[in-house]
Amino acid sequence: MSSIPLALTRKSRLNAFLEYEIGVIPLPYFIGIALIVFLSAHLGFLPKTMIGGLAVIMTLGMLLGQVGQRLPILRDIGGGAILCLLLPSVLVFHGFFGAATIDATKMLMKDANFLYFVIASLVVGSILGMNRLILVQGMLRMFVPLLAGTVAAVLAGLLVGVCFGYTVHHTLFYIIVPIIGGGIGEGILPLSLAYAHILGGTPDQFVAQLVPAAVVGNIVAIICAGVLARIAVRKPGLHGDGMLIRAREENDLFNVQEDDDKEVDFRYMGAGVLLICAFFILGGLLEKLVHIPGPVMMIVAAVLLKYMRVLPDRLEKGSKRFYKLISTAFIWPTMIGLGMLYVPLESVASVFSLGYVMVCVAVVTAMALSGFLVGNWLKMYPIEAAIVTCCHSGLGGTGDVAILSACNRMALMPFAQISTRIGGAATVILATVLLGIWH
């Protein structure tokens with residue numbers, strides 16, 4: 001008699017195994033795919049092309065993203081984003097990945113610049129897909145909390161740094177400025193060139209000193225975004241579910257437009273990809289003329305054309321639908337690539353101390369709290385305002401992707417880019433001028 005329930009139990013377990021999904025792929029099929037990728041990489045046959053790189057980051061992204069979302073505690077602070085960003089960095093540090101895996105990922109992320117493609121898709125697609133009144137109001141209003149957040153971050157960081165024995169000079173130029181400088185490419189590298197020119201030495205010496213603060217600050221910002229998302233669940237009145245402005249009429253209009261996405265015409269989605277690429281190239285061309293970073297000019301161009309209603313509605317929707325594809329399926333995989341190639345764990349470990357971490361925490365926390373309070377005063381949703389302001393402490397577009405995915409607010413990407421790019425550029429300029437005076 002007992003054998004019948006036992007057989008039923010085994011059958012139910014087998015069915016649960018067969019029906020369990022990693023992402024949307026049934027577990028047995030996912031295991032088969034993962035084995036193919038692993039064996040190919042282990043035997044040295046993994047193609048050093050976009051296909052090989054995508055196979056690596058997609059497989060790891062689906063797995064680690066889902067694990068991070070389900071682990072206790074970690075799932076409440078953006079576990080998927082944290083795990084996808086940090087675990088690959090740890091594995092690279094300990095030599096877990098072979099040369100074939102690293103080469104394929106490097107080809108995709110750096111040589112083919114897949115990261116910039118993802119960022120451009122998120123920025124342009126989200127801008128063109130937004131209601132133009134909300135977009136412009138949000139960008140105009142973000143300057144005040146961004147300025148207030150920067151001032152609060154600097155004051156809080158200096159106070160904590162002095163308490164832990166750091167000098168004001170070191171705290172400001174080697175911890176605070178790298179955190180709010182706009183990332184590696186747009187912040188750390190220009191800063192290292194400026195520091196070397198003013199103080200002497202070589203830029204790579206300063207890169208090693210500046211990168212850890214930017215990385216630790218970005219990790220704190222990811223955790224902060226996850227905590228804010230958790231607060232939003234418990235306090236529904238404090239958030240707009242990814243919308244920044246407390247403007248009912250405009251929000252209602254935006255919600256009506258969302259209903260138009262039920263039918264997808266893939267021809268217009270393809271046209272949207274071309275449009276996204278064109279905006280990215282346009283940003284680079286404008287950078288040569290006005291000497292403002294290309295990503296900033298890409299944002300400006302997209303906002304202007306959106307506000308002036310230059311583009312046909314169908315092309316805007318095509319870009320928006322491709323943005324939705326990227327934001328849904330490629331965020332965690334992209335962060336796998338970032339963790340493997342852009343997060344130098346050895347640099348972080350070399351300066352890791354309680355005081356160092358506390359300064360980073362103070363900078364990011366003060367920025368988020370300031371955004372929360374000032375944003376609410378300016379009739380923005382405080383949770384969203386805090387998240388966007390917090391993106392000023394992110395690793396450029398890399399950090400924005402990680403921070404917004406941790407709180408499931410990818411629709412805020414345009415505002416996050418404003419916070420990161422413009423705030424970072426202003427920080428680099430002011431820090432360079434101040435260091436020239438005070439060194």
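**Aromatic rings, a cavity and a helix**

Analyst: Phe114, Phe117, Phe322 and Phe330 are linked into a cluster by ring pairs. This is a predicted model, in which local features need pLDDT of at least 70 and side-chain atom pairs count only at pLDDT 80 or more, while totals for chains, interfaces and linings use all residues. Residues are numbered from 1 along each chain as its sequence is written, and side-chain values use heavy atoms, with hydrogens and water left out.

User: How many aromatic pairs are there by this rule, and how is a pair described?

Analyst: The distance of the centres and the angle of the planes describe a pair of aromatic rings. Rings of Phe, Tyr and Trp (its six-membered ring) pair if their centres lie within 6.5 Å; planes under 30 degrees apart are stacked, over 60 edge-to-face, and the rest tilted. The count here comes to seven aromatic pairs. One of them joins Phe96 and Phe97: the ring centres are 5.3 Å apart and the planes stand at 80 degrees, so this pair is edge-to-face. Another joins Phe114 and Phe117, whose centres lie 6.3 Å apart with planes at 35 degrees, so that pair is tilted.

User: Where do Phe114 and Phe117 lie in helix H6?

Analyst: Helices (H or I, at least four residues) are DSSP runs, numbered from the N terminus. Phe114 and Phe117 are three residues apart in H6, and are therefore separated by about one helical turn.

User: Is Phe114 buried or exposed?

Analyst: Buried means under 20% relative accessible area, exposed over 50%, and partly exposed in between (1.4 Å probe, protein chains only). Phe114 is buried, at 6%, whereas Phe117 is partly exposed, at 26%. As for the other pair, Phe97 is buried at 13% and Phe96 is exposed at 54%.

User: What volume does the largest cavity have, and which residues line it?

Analyst: Empty space is shown by rolling a probe the size of a water molecule over the atoms. On a 1 Å grid over the protein atoms alone, a cavity is a set of points where a 1.4 Å probe fits but cannot get out; lining residues have an atom within 4 Å of a point. Grid points are joined across faces, edges and corners, and the volume is the space filled by probe spheres set on the points. The structure holds one cavity of 30 Å³ or more, and the largest cavity has a volume of about 40 Å³. Its lining consists of Tyr116, Ile119, Ala120, Phe280, Pro295, Met298 and Arg421. H6 (114-129) and H13 (294-307) each supply at least two lining residues, with H6 giving the most, three.

Definitions and conventions: On a 1 Å grid over the protein atoms alone, a cavity is a set of points where a 1.4 Å probe fits but cannot get out, and a pocket is an open set with protein on both sides within 12 Å along at least five of seven lines; lining residues have an atom within 4 Å of a point.
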